Amino acid sequence: MSLTDSSPAQIAKAASIASRSLAILPSVDRNNALTTIHQSLLQAKESILEANARDLDLASIAAKDGQLSQSVLKRLDLGRPGKWEDMLQGILDVRDLEDPLGKVTLKTLLDDDLTLERITCPIGVLLIIFEARPEVIANIAALAIKSGNAAILKGGKESTASFHAISSAISSALTISTVPNAAIQLVTTRDVIASLLECDDYIDLVIPRGSNELVRYVKSSTRIPVLGHADGLCHIYIHLDAEVESCVRILLDSKLGYPAACNSVETLLIHHEALNTHLPNIASALLERGCSLRCDGVSKSSLLSSLPTEKAILLQDAMDDDYDTEFLSPILAIKTVTGPVDDPSDVVLSLAIAHINAHSSHHTDAILTSSATVAKRFQTSVDSACVFWNTSTRMADGMRFGFGTEVGISTNKIHARGPVGLQGLCIYKYAVSGNGQVAADYGGSNGRKWRHERVAID
């Protein structure tokens, strides 16, 4: 890894050249580089956390002055329990995954001595633009090296000291590896994002990680394909047959496990017949832990009659835009889904699905129900990257999916969707091996006939 203040064009060109060498680097060399990076970061822990503490001090002042959101401040903290350990373990997890490159995923015998193969390969050069999140450097470096991609990283000013400390440790590790130095570059020059987004001759994919504003700016400012999501507006729908205790555990984890995360639930939809049986316990547990509840009229009326006064007075009225808001804080919008009495389950489920498809950011949405049939319909009908049954929305994570780590979560419908790990950073090429055949040999009444026989892959 190199810390660079070169021009955007020079940075992108150097990355493109380095990507060619990295793409053909043997798996053992890429794995050895990740082992060395892990050891270097482990040895530099004290200096990295000290640098992160300096960033946190400055960021805390900015947050108090209203110049920085609390959600960004929380994402900046490398000292949060488990975050440092998860970052280091993610490197080893990625290292130990199967090599994603050079895999034959399709093989067809086109004719005698003429074979087609589809083979996995790196995308090329990745541009990752991120705010806060100092662990992103280690995550991206590990995934990029393992998948044979070069990466250009541009971080936010709020975590400058952390970025420099982590990058220095990774750079030291790569100097004794066979990974080209320019394969992983951290850009230190200010005001270069717009120029980097114009380097479509060299950069193959942009991955923005940060605020809604950052993602939308990137998407509107480049011809390079963009992978990511602008919002994490996640829903949980509670069907009338859901198990109450499980609902409480899942809601607490989904909303309060890490409220600033993009996979935190923001809207709770509840079947009208579950208002009296399920919602009081859920609301009570959330309120006890400091979560604000913004309720529609039906759910608020139900809770006012079931909760003790000291909790009932904390309930707030939901506004229409609350159901389109990513709070990134301990706030939950609640909406009742009501259907006809004569056919409550089927219609209510349809209404819940319709609401989610209309208001979700298509990141992660979940249903809590005892019915496999209901869950299957929900998972088939909801148009989101991750669709869960009886589990927390916080499960939407590359590490939890067994990907080692992730470069982010994509709500795209082309190339990669959901938590993006190694597979999402690979594409494929077609290799045809022949023995002198030409296209003119085929077609017409006297031409050769195609065999087009699928061949089993070893």
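Reader: Thanks! Which residues in α2 meet which ones in α6?
Author: This is a predicted model. In it, R30, N31, A33, L34, I37 and L41 of α2 meet A138, A141, A142, I145 and K146 of α6. By class, that contact has eight nonpolar, one polar and two charged residues.

Reader: Nice. At what angle do α2 and α6 pack, and how far apart are their axes?
Author: Helix α2 (residues 27-43) and helix α6 (residues 136-147) pack at about 165 degrees, and their axes are 9 Å apart. An angle over 145 degrees counts as roughly antiparallel, so that is how α2 and α6 run relative to each other.

Reader: Is the crossing left-handed or right-handed?
Author: The crossing of α2 past α6 is right-handed.

Reader: Switching to strands: what order do they take in the open sheet?
Author: Seven strands form that sheet, in the order β11-β10-β12-β9-β8-β13-β14, with parallel pairing. At the edges are β11 (316-317) and β14 (386-389), each of which pairs on one side only.

Reader: How many bridges join β8 to β9?
Author: Five bridges join β8 (residues 234-238) to β9 (residues 265-271). As an example, Y237 has L269 in β9 as its bridge partner.

Reader: And which strands does helix α12 lie across?
Author: Helix α12 (residues 297-306) lies across β10 (292-295), β11 and β12 (331-337), at about 120 degrees to β10.

Reader: What about α15, which strands does that helix lie across?
Author: Helix α15 (residues 372-381) lies across β8, β13 (364-368) and β14, and runs at about 170 degrees to β14.

Terms used: Residues numbered from 1 in each chain as written. Predicted model: local features only at pLDDT ≥ 70, side-chain atom pairs only at ≥ 80, totals over all residues. Heavy atoms only, no water. Pairing = 2+ DSSP bridges. Helix = DSSP H or I, 4+ residues; strand = E, 2+ residues; numbered from the N terminus. Contact = heavy atoms within 4.5 Å. Axes fitted to C-alpha atoms, helices over the stretch in contact; angles between N-to-C directions. Parallel < 35°, antiparallel > 145°, perpendicular 65-115°, else oblique. Left-handed = near helix turned anticlockwise from the far one by under 90°. Nonpolar A, V, L, I, M, F, W, Y, C, P; charged D, E, K, R; others polar.
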